[in-house]
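Hi,

Here is the structure I said I would pass on.

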Amino acid sequence: MLLNKQRIEERNGKHLAAHQRSFEYTASGINNTASILQKLLDFQVAIPSWALGTGGTRFGRFSGAGEPGNLEQKIEDIGLLHALNQSSGAISLHIPWDIPSDATAIKALAAKHNLKFDAVNSNTFQDQQVQTHSYKFGSLQHVDKAVRRQAIDHNIEVINQGVALGSKSLTVWLADGSCFPGQLNFRTAWQNTYESLQEIYAALPADWKVFVEYKAYEPNFYSTTVGDWGQSLLYTSKLGPKAYTLVDLGHHLPNANIEQIVSLLMMEDKLAGFHFNDSKYGDDDLTVGSINPYQLFLIFNELVEGMDAKAMNHATDLAWMIDASHNVKDPLEDLLQSIEAIMIAYAQALIVDTKALKEAQAVNDVVKAQEILQAAYRTDVRPLVAEARLRAGGALQPVQLFRDLKVREQLIKERGQTTVATGL
Ligand SMILES: [Mn+2]
């Protein structure tokens, strides 16, 4: 289904007067409103093709209704999100769950919804029916060269799929590691992985990047071969200038200072970008900003400060993507909430008084520094984010409009009660 702009405008009309009052109030306390609104308008977050269906855990999955049953329907779902918030203008494909049978037709469909193709993601963490060798004991690290060959070839195939769609980057996340002491020779595993990544790197087109994503644990519980940012940075530094380290917020050990990691990766020009989510315990893949919005703000504060220091384009120089799983909420409502949380944290970071903060830091005024950061964090920037959406033709209240227009009910009518999305 397509949401037409007129219906969105009609609904916005009901909330317009109240919105304008709160927008004027918020804007009156901010110096550079016009430039902030433009940055919010430009900022787009990619939606992964695996996030449109209900997720699950190893204990089970409780599927929703009207889930997208194929890639075309997934693109349609992201088109709906983008029509509502004008900030979800990209899709990140997972191969082989979402291999386009006709790349040209899929590109045309995405263009109809104003969507671009972001990073393509390879999968060597599970076995597919058609493959010869198993990844049970790893892929790029595997002790058997034939398994490594198969995993390398798969990644090169994913690059080729991405080229056909207009993607410019490959994300590699490896489940490789070990479950028990003694299972693996760490140095051999590292070397095998590095040599495999070198072959994948060599297959990258000139204008492509490879993102090496790290994760502390799970599915392996004793060691992970790309387990933290240091290990990823070691690979990406040795690989060369087209290799970058990807930060997934849920892939750290508890209490890791992610904002500091981000800052240092940017300092070394090695930050690829983000997989946004939130967590209480581990890789929980919860809605962005649902557990620790202050951490998200602090991360965006480092991002904005670092990108500005390096004269980077906020919208295009890093890769912004959600990587979450929706076990109990409607996936589309959940994604709308995640995008909203990202835009709020970004807007809060944009209003930080950077000059005053630098002055406070220079004289070790710790109290003042905290006051400055928390003044931004405690500012209600939702009217700014809503105003940017309004100017782009989106909805003032995306979740409410999704419900008012009975979007899910329509999708159930079109697709049925029992469709199950491919992927996780
Ligand atoms: Mn991820």
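**What I found**

Let me start with a loop: Gly 240 sits between helix 7 (229-239) and strand 11 (243-248). Helices here are DSSP runs of H or I with at least four residues, strands are E runs of at least two, and both are numbered from the N terminus. Gly 240 is exposed, as 12 other C-beta atoms lie within 10 Å. For burial, the count is of other C-beta atoms within 10 Å of a residue's own, with C-beta atoms placed from the backbone: 20 or more is buried, 12 or fewer is exposed, and anything in between is partly exposed. From Gly 240 to Arg 382 is 142 residues in sequence and 41 Å in space, C-alpha to C-alpha.

Before going further, two notes on the basis. This is a predicted model, so local features need pLDDT of at least 70 and side-chain atom pairs count only at pLDDT 80 or more, while totals for chains, interfaces and linings use all residues. Residues are numbered from 1 along each chain as its sequence is written.

**The chain overall**

The protein chain has 15 helices and 13 strands. Its C-alpha trace spans about 65 × 60 × 40 Å along the principal axes. The radius of gyration, taken over C-alpha atoms, is 22 Å, which agrees with the value near 22 Å for a compact globule of 424 residues; the globule rule is 2.2 Å times the number of residues to the power 0.38. Buried residues account for 46% of the 424.

**Helices 13 and 10**

Helix 13 (residues 382-392) is largely enclosed by the rest of the structure, because eight of its 11 residues are buried. Among them are Glu 387 and Arg 389, along with Leu 384 and Val 385. What do the buried residues of helix 13 pack against? Their partners are helix 1 (5-28), helix 2 (33-42), helix 3 (71-85) and helix 10 (331-350). Just after helix 13 comes Gly 393, with a positive phi of about 95 degrees.

Helix 10 is mostly covered too, with 18 of its 20 residues buried.

Thr 287 lies in the loop between strand 12 (271-276) and helix 9 (293-309). It is buried, with 23 other C-beta atoms within 10 Å. Setting aside neighbours within four places in sequence, Thr 287 is in contact with Asp 278, Ala 324, Asp 334, Gln 337 and Ser 338. Asp 285 is in the loop between strand 12 and helix 9 as well, and it is buried with 22 other C-beta atoms within 10 Å.

Most residues other than glycine have a negative phi, and most peptide bonds are trans. Asp 285 has a positive phi of about 55 degrees although it is not a glycine. Gln 86, in the loop between helix 3 and strand 4, also has a positive phi of about 55 degrees. There is a cis peptide bond between Ile 95 and Pro 96, with omega about 20 degrees, and another between Glu 218 and Pro 219, with omega about 10 degrees.

Cheers

Conventions: Contact = placed C-beta atoms within 7 Å.
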